[in-house]
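Let's take a walk through the charged pairs in this one.

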Amino acid sequence: MDLQQIIDESSRIVFFGGAGVSTESGIPDFRSVDGLYHQHYDVPPEELLSRTYFNRHPEAFFRFYRDKMLPLNAQPNAAHRKLAELEQAGRLTAVVTQNIDGLHQKAGSKKVYELHGSVLRNYCMRCHESYTAEEIVAMDGVPKCECGGTIKPDVVLYEEMLDDQVISGAIHAIEKADMMIVGGTSLVVYPAAGMIRYFRGKHLVVINMSATQADRQADLVINDSIGEVLGAAMGI
Ligand code: ZN
């Protein structure tokens, strides 16, 4: 069966996506060769984006964060748009993403489980007042709440736990799915990548530029651009 046939006979599709979905919107992949790890910073991004570093060096954290992590002008690509269309048509039940850029929602998706949080949500660590990404960009240095507390992006930093409710919602959607599309991820980031184990449906499809750990279990593996492949599918 090809991708179109599988989509046509599925009604509870779950999409599980990673950095590759966003790189086609111009957002760098932290782990790729030309991603953030290979750009020149005094401290490797893995350390910069840790909770320890955030606590100890908030000025440097936010310098990096504003420079690299807030792509507010990025636009959804064909993959984001197709997934939103499939949801609107009642064929796709959820998007589970490792990305933090909010592009699925920008494309119109409603049910999105953001395993690593979102740069679009920020909150005061003292009084829990929420702030938009635009407000964070407009502030200098370490963003501060009116109450004096530090504002933290609602993203899961290294050393931090994933949100229990997000995880259980994602697992539930995957367990109920009849088709799972894994796209734009090589499935190396745990625990997020382990979620594929909960899939018990009929068709597992992998769309990624390179080989993944899920290829052996998959009905269909497509090594190509996620935007082009999903964009070309009729879907509805
Ligand atoms: Zn506050």
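**Salt bridges, starting from a buried glutamate**

Begin at E114, which is buried, with a relative accessible area of 7%. Keep in mind that this is a predicted model. The partner of E114 is R121: the two form a salt bridge, and their closest N and O atoms sit 2.8 Å apart. R121 itself is partly exposed, at a relative accessible area of 37%.

R121 also forms a salt bridge with D154, where the closest N and O atoms are 3.0 Å apart. Look at where these two residues lie: R121 is in strand β4 (residues 117-124) and D154 in strand β6, so the pair ties together parts that are 33 residues apart in sequence. D154 counts as partly exposed, with a relative accessible area of 28%.

Why would such residues pair up at all? Side chains of opposite charge can do so when their charged atoms come close.

Now move over to E160 and R51. These form a salt bridge too, with 2.5 Å between the closest N and O atoms. This one links distant parts of the chain, 109 residues apart: E160 belongs to the loop between β6 (151-155) and α9 (164-176), while R51 belongs to helix α4 (residues 51-56). Both ends are partly exposed: E160 has a relative accessible area of 22%, and R51 has one of 23%.

Zooming back out, the structure holds six salt bridges, among them R121 with E114, R121 with D154 and E160 with R51.

Key:
Residues numbered from 1 in each chain as written. Predicted model: local features only at pLDDT ≥ 70, side-chain atom pairs only at ≥ 80, totals over all residues. Heavy atoms only, no water. Salt bridge = Lys/Arg side-chain N within 4 Å of Asp/Glu carboxyl O. Helix = DSSP H or I, 4+ residues; strand = E, 2+ residues; numbered from the N terminus. Buried < 20%, exposed > 50% of the residue type's maximum accessible area, 1.4 Å probe, protein only.
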